[in-house]
Amino acid sequence: MTDEPLNRRDWIAGLEKGLAILEAFDNDHPRLTPTQAAELTGLTRTAARRYLLTLEHLGYTTSEGTLFSLTPRVLKVGWSYFDSARLPRAVQPFLQQITAAVGEAAYLSVLDDWELVFISRTSTSRVMSTGFVLGARVPAPLASAGVMMLASLPEDNVRNWLETVVLAPYTPYTILQHDRLLQDIRKAGAQGYAVVEQQLQIGVRGVAVPLRDRHGRVIAALSVNMQIGDETAEQALGRVLHVLQDTALSIMRVL
């Protein structure tokens, strides 16, 4: 969400509440009763039920008794971004060049609050288990692109967030110490690239660089994912870092 103030006359509270209902559905809440939806959104049960019924009428939810779930029509809203946004379309050919040069899946990703969202990607011809699907969201500290994006934010903001977040272990190597994460974020900002290993998947390494607009502002991150295998982090950097950095400069010239 933007931090810019909105004139009260322009605010549509019903739209905000309807979107809150849609966002209440997740992996832990695939189906919701009106009571559960109300608890998750802060609405009254009556209001939550009315929103759920309206969304059902519009085709975005379906119900079995008092249990509501989302329908595939919700995807139309999300895919409207991919169909209309300029950045993913502009960067896609450059991602293909990265994959052709290094033989690894390449990604363009952005921050949404404190989650990393993958908005463009390529794939390799070989079968791999290191990839993210388009639109995937992961906690920012778990991916190289996320660490790179966090490094572009004011450190006080990152520190304040880390003080409130509960970090979950996805692998035995997931960093759970806030001070260590902050050190890694600072390091990424200082050196201009991030390397993350085995934070989300065993045996997987990610390398990322910032993508800047023509004014020098970080707007996204370019990254590749790879199997660690017998390759050291230094060898991986020697193979992919310059390609990522050169590509980021090329993209900046056309944005």
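Buried means under 20% relative accessible area, exposed over 50%, and partly exposed in between, computed with a 1.4 Å probe on protein chains only. The model is predicted, with local features needing pLDDT of at least 70 and side-chain atom pairs counted only at pLDDT 80 or more, while totals for chains, interfaces and linings use all residues. Residues are numbered from 1 along each chain as its sequence is written, and side-chain values use heavy atoms, leaving out hydrogens and water.

View 1. Helix α7 covers residues 155-164; helices (H or I, at least four residues) and strands (E, at least two) are DSSP runs, numbered from the N terminus. V158, W161 and L162 are buried in α7. Seen down the axis of α7, these buried residues fall within an arc of 100 degrees, so they line one face of the helix; the arc is that of the directions from the helix axis to the C-beta atoms. On the other side of α7, E163 and T164 are exposed. The buried residues of α7 pack against α6 (144-151) and α8 (178-191), where contact means heavy atoms within 4.5 Å.

**View 2. The salt bridge between E155 and R159.** A salt bridge is a side-chain nitrogen of Lys or Arg within 4 Å of a carboxyl oxygen of Asp or Glu. The closest N and O atoms of E155 and R159 are 2.6 Å apart. Because E155 and R159 are four residues apart in helix α7, about one helical turn separates them. An α-helix has 3.6 residues a turn, so residues three or four places apart point the same way. E155 is partly exposed, with a relative accessible area of 31%, and R159 is partly exposed as well, at 27%. A network of salt bridges links E155, D156, R159 and R186.

View 3. Side chains of opposite charge can pair when their charged atoms come close. E104 forms a salt bridge with R239, with 3.0 Å between the closest N and O atoms. This pair links distant parts of the chain, 135 residues apart: E104 lies in the loop between α5 (86-102) and β3 (105-112), and R239 in helix α9 (residues 233-254). R239 also meets E231 in a salt bridge, at 2.8 Å from N to O. E104 is buried, with a relative accessible area of 5%, and E231 is buried at 19%. R239 is partly exposed, with a relative accessible area of 30%. The structure holds ten salt bridges.
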